[in-house]
Amino acid sequence: MLRFLLTRSAFRKPRRSAAAGLLVLAAAAGGATIASSSNDYPQTTISVSFPFRHFLSLSTSEFFSKEFSLRSLFSNPDGASLPHFASSIPSTNPVMENSGENEDDSRCCRGCLGRNTIVKAAAAAGPAVVNISVTQGIHGLMLGKSIGSGTIIDPDGTILTCAHVVVDHQSTRKDFRGRISVTLQDGREFEGTVVNVDLHSDIALLKIKSKTPLPTAKLGLSSKLRPGDWVLALGCPLSLQNTITSGIVSCVDRKSIDLGLGGIRREYLQTDCAINQGNSGGPLVNLDGEIVGINIMKVAAADGLSFAVPIDSVVKIIEQFMKNGRVVRPWLGLKMLDLNEMIIAQIKERDAFFPDVSKGVLVPMVTPGSPAERAGFRPGDVVIEFEGKPVGGIKEIIDIMGDKVGQPLKVLVKREKNRLVTLTVIPEEADPER
C-alpha cells in the first residue's frame, strides 16, 4: 500500500509529487501533522524526525531519483523491520560519517560526554596505574600471593594504594605480606617498599626507584562530585592489566555504619563501576582524568555496588603521614547525629522542650570517662558552634579537629529551653583498637 501511494502521488500532480511523497513517508512513521485550509491549495504542516530533514534539501526530480530504505528508519513494535526498498539513506551526521581523529569532540560543559571523553580520561591517568603483586614465602617457599592496583602520584615513584593489598587486613599491626612487585603499564617491573600505612582508612603509600621518568596521575577534588557524575575505575582485576570500567557515582557520602563497618566513622563514594579482585588500590577517575577516589571494596553478593575512599580524605591522610609519620585522630567520646529540618520537626513532636535550631549536631550519648563527659557534655545537647565556627554536620567537626590532640577546643551547645552553654573539651588520641 505504501508503495502504491508513493507512485500514485508522483504521477497525478508532478509539482506536488515530492511533498506528497514526503507526507506519506512522514505519516507512515507517525510523524505528520496535517492542517488544511479552505483554499483550493491546501496547506500542509509536517513534523518530521531528523532523518527526513535530508529530503527537504532535494528537488522533485532528485527526490524520486534517490534510492532510499525505510528499513533503517522505521521498525514495528515487535522489532520486525518494514519491507526493504533499496539502499539506505546517506548519513548527514558528520560524527557517523567520519570516524577519524579530527571529528568535533567538544563538550557543552564540564562533566558532559563527548565521543572521546572516556578515551581521553583513561589515557590521562592510565599510564600511571600499576599492577601490584605481593608474594608471601618462607625459606624460599611461596606460601601465597595477593594482587592489587595502585597509582603513581609523584615522579619520585610514590604509589598510592590500599593498605590491605600490602598488609594483613586481619591484623591490627602493620604486618607486611611479603615481597612487593610493581609492574607499570609499559611493562617495566620494579620492587616496591612500603612507606606508610593507615589501617583504619585502608590507605598505603609505596615507593619504587627508577632511573627513567615515571608517569603520574593528577589528583582531583572528590568534593565536586555529584550523584550521577560519570567516573572510571582503572586497575588490574585478576591481574588483567590496563582494565577500564565506567559507571556513575551513586552516592557521595555513604557512611561506614551503613555498610556495617564499626570503629572510627568513615565515608565512601559509592559507584556502579565493575570492580573485582585486583582492583583494590586502583584509581577512580573523573572525566578530566583526575583521581577522585581509591577503589577499596565491593558488595560480593550484588552487582553495581562498589566503594572508594574520597581523594579529599586521602590527601589529608598523606599530609598527616608527612607531618606526624602516622594518622592522628582525636577522640571526644561522643555519639553524634546530623540534624536537618525533618529530623528536628520529628523530635519536636515528641519533646516540646527540644531547643529551637535549624541545623546542628545532636549528642544522643556520651561515653562515660571520656573527654566529652569531663567537659560537661550531656545527652540531648545540640552542637551549633565548634571553635567559633558554625557547624551543620559531623564532617565539619571532624575537619575542624584535624589532628588537634591535647589542645583545648571551645564548643557552643544548645540545650532544652534554648539554654546556651560553652564547653571546653580536650581531645585524646583515638585508640587504634577502639
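Lysine 255 has a relative accessibility of 18% and therefore counts as buried, since buried means under 20% relative accessible area. The model in which this value was computed is a predicted one. Lysine 255 belongs to strand S8, which covers residues 243–255. The side chain of lysine 255 comes to 3.1 Å from the backbone oxygen of aspartate 253. When residues up to four places away in sequence are left out, lysine 255 is in contact with Arg265, Arg266 and Glu267.

Tryptophan 230 is found in strand S7, which covers residues 230–235. The relative accessible area of tryptophan 230 is 35%, so this residue is classed as partly exposed, a class that lies between the limits of 20% and 50%. Together with Leu113 and Ile248, Trp230 makes a nonpolar surface patch of about 240 Å². Residues in such a patch must have over 30% relative accessible area, and the 35% computed for tryptophan 230 is given above.

The secondary structure of the chain includes 11 helices and 20 strands, with S7 and S8 among the strands. Of the contacts in the chain between residues at least 6 apart in sequence, 55% join residues at least 24 apart. The accessible surface of the chain amounts to about 24200 Å², and carbon and sulfur atoms account for 53% of this area.

Notes:
Residues are numbered from 1 along each chain as its sequence is written. This is a predicted model: local features need pLDDT of at least 70, side-chain atom pairs count only at pLDDT 80 or more; totals for chains, interfaces and linings use all residues. Side-chain values use heavy atoms; hydrogens and water are left out. Helices (H or I, at least four residues) and strands (E, at least two) are DSSP runs, numbered from the N terminus. Contact means heavy atoms within 4.5 Å. Accessible areas come from the Shrake-Rupley method with a 1.4 Å probe; for residues, only the protein chains shown count as cover. Buried means under 20% relative accessible area, exposed over 50%, partly exposed in between (1.4 Å probe, protein chains only). A polar contact is a pair of N or O atoms within 3.5 Å; within protein, one must be able to donate a hydrogen and the other to accept it, and residues adjacent in sequence count only if both atoms are side-chain atoms. Patches are made of residues with over 30% relative accessible area and no salt bridge: like charges are joined within 9 Å, nonpolar side chains (Val, Leu, Ile, Met, Phe, Trp, Tyr) within 5 Å. A salt bridge is a side-chain nitrogen of Lys or Arg within 4 Å of a carboxyl oxygen of Asp or Glu.
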